Amino acid sequence: MSGVTAPLGVALPIGAAFGMVAGLWGIGNPETVIRAARLVDRLLLGCFLFVTAVGAVVLYGLHALGVPMHFAPKPLYVFGVIAGGVLFGTGAAISGYFPGTALIALGEGRRDALAAIPGGLLGAAAWTGLFGTPVGQWLTTTANYGGLVAGGYLNAQTPGRMLAIAIGYAALAFILLKYLPRFRGGERCCLRELGGATPSEFERRMMRDTIAYLYEGTKERPGRRRPWFERIYRAQVAHPAFFTRTIAVVATGVAALVVLSIFLRQPFGQSTTYSWVVGELFMPHFAYSHQVIRSIGWEPLSDLGVLIGAFLTARFLSGRFTAFRPVVPPSWRHRFGPGRTKRAVAVFIGSFLTLFGARMAGGCTSGHTLSGGIQLSVSAWLFTASMLAAMVITARLVYRNADWSITPETDDHAVGSTTGSQVTPRWP
């Protein structure tokens, strides 16, 4: 166990740094999550693989060198984790939001995030009420194997053995990243072209469309910012190889932030804040509220930092601040039309399911997939597998064969405008 406990105020800059990076990648845009669920753009999968692979080697490498760490793998209660992952993935595919990305979207001024936050709070409240019932207790106690990690329980593993497992996991992740194209139907694979190979014509169209949806609803004009930074937040974020050198360095920084939070006795997570707000304001006498309030760490402040970091990036760096203009993600509007009321209802329901599932499973994509994945937690892997399966199936049922592009047909020269779109991307 680590002998270092960070002051709560440290959470603000760490959360802000995470929010800035995630905002730069476009993870706060719901279309990014929807395209991941539709297997159109594998950016999120690539990010999670890269960050957890690097983070696991760094974490267990430091552990093997004798650096004390505050390991806190989530408990593996099989039925609750699977059910929570399925609910989480279903809600994410519908809404396009994770608990943390809803905060990023709010910082970016996305209007539909205003429906995601109350939906998430209601989902957290639903689990708070269910937790104390026989059903809730069965979900969290049946087939509960505790904090298992790859290879067994941590206190029974040598640091060297855990480092070897982490290196093996990283090798498998990088092999997948080497051969997995970012875009469905694309040719360029992630790490095989780390230096940046020339994209095909199809991939160039996908790049243009990616930047176009990221800038829908903004008033950003190309060329206003420094050319070197424009290359990063435009061309590199959309590059089909996933990780150019710059983005790979940034992803390594995210892994370092998560490892740092584990060292400072604050495993990274974001859905806990929703339950904390519910417990403090609405359901203070419930058993789950007592549990959350007693164990809460810096999550509320780190979540506030995420929101602030996303706002700073959107407003002053990337130019993706939408000022709460009405923008409906292209996948959604091509399937259900541009109606904002229907979209808001779907975001509310989807966010309800997402937070209900996250709290049932004991964590979300931050607490399970990132923090847990870096710790090589078995419950994190089970949650992530359940979530991804539910996302893919739900997206297939919900969006069917609807187009995902900004316009039904994107030519090789420009991306057309749609309602709410006020930017014409510029390309090198």
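Student: How many aromatic pairs does the structure hold?

Tutor: This predicted model holds 15 aromatic pairs.

Student: Why is the aromatic pair of Tyr 60 and Phe 71 called stacked?

Tutor: The ring centres of Tyr 60 and Phe 71 lie 5.3 Å apart, with 15° between the planes. Rings pair if their centres lie within 6.5 Å, and planes under 30 degrees apart count as stacked.

Student: Which residues is Tyr 60 in contact with, leaving aside its neighbours within four places in sequence?

Tutor: Among them are Phe 71, Val 149, Leu 154, Met 162 and Leu 376.

Student: Which residues touch the most other members of the largest nonpolar core?

Tutor: They are Leu 59, Tyr 60, Phe 98 and Leu 376, in a core of 65 residues. H3 supplies the largest share of this core, twelve residues. Another core, of 15 residues, lies apart from it and includes Leu 103, Ala 115, Ile 117 and Ala 124.

Student: How do you know that Arg 343 lies over the face of Trp 332?

Tutor: Arg 343 is at 5.5 Å from the ring centre of Trp 332. The distance limit for a charge over a ring is 6 Å, and the charge must also be within 35 degrees of the ring normal.

Student: Which residues form one aromatic cluster?

Tutor: The cluster is formed by Trp 127, Phe 131, Tyr 288, Phe 352 and Phe 356.

Technical notes: Residues numbered from 1 in each chain as written. Predicted model: local features only at pLDDT ≥ 70, side-chain atom pairs only at ≥ 80, totals over all residues. Heavy atoms only, no water. Phe/Tyr/Trp six-rings, centres within 6.5 Å; stacked < 30°, edge-to-face > 60°. Core = buried A, V, L, I, M, F, W, Y, C linked by side-chain atoms within 4.5 Å. Buried < 20%, exposed > 50% of the residue type's maximum accessible area, 1.4 Å probe, protein only. Helix = DSSP H or I, 4+ residues; strand = E, 2+ residues; numbered from the N terminus. Contact = heavy atoms within 4.5 Å.
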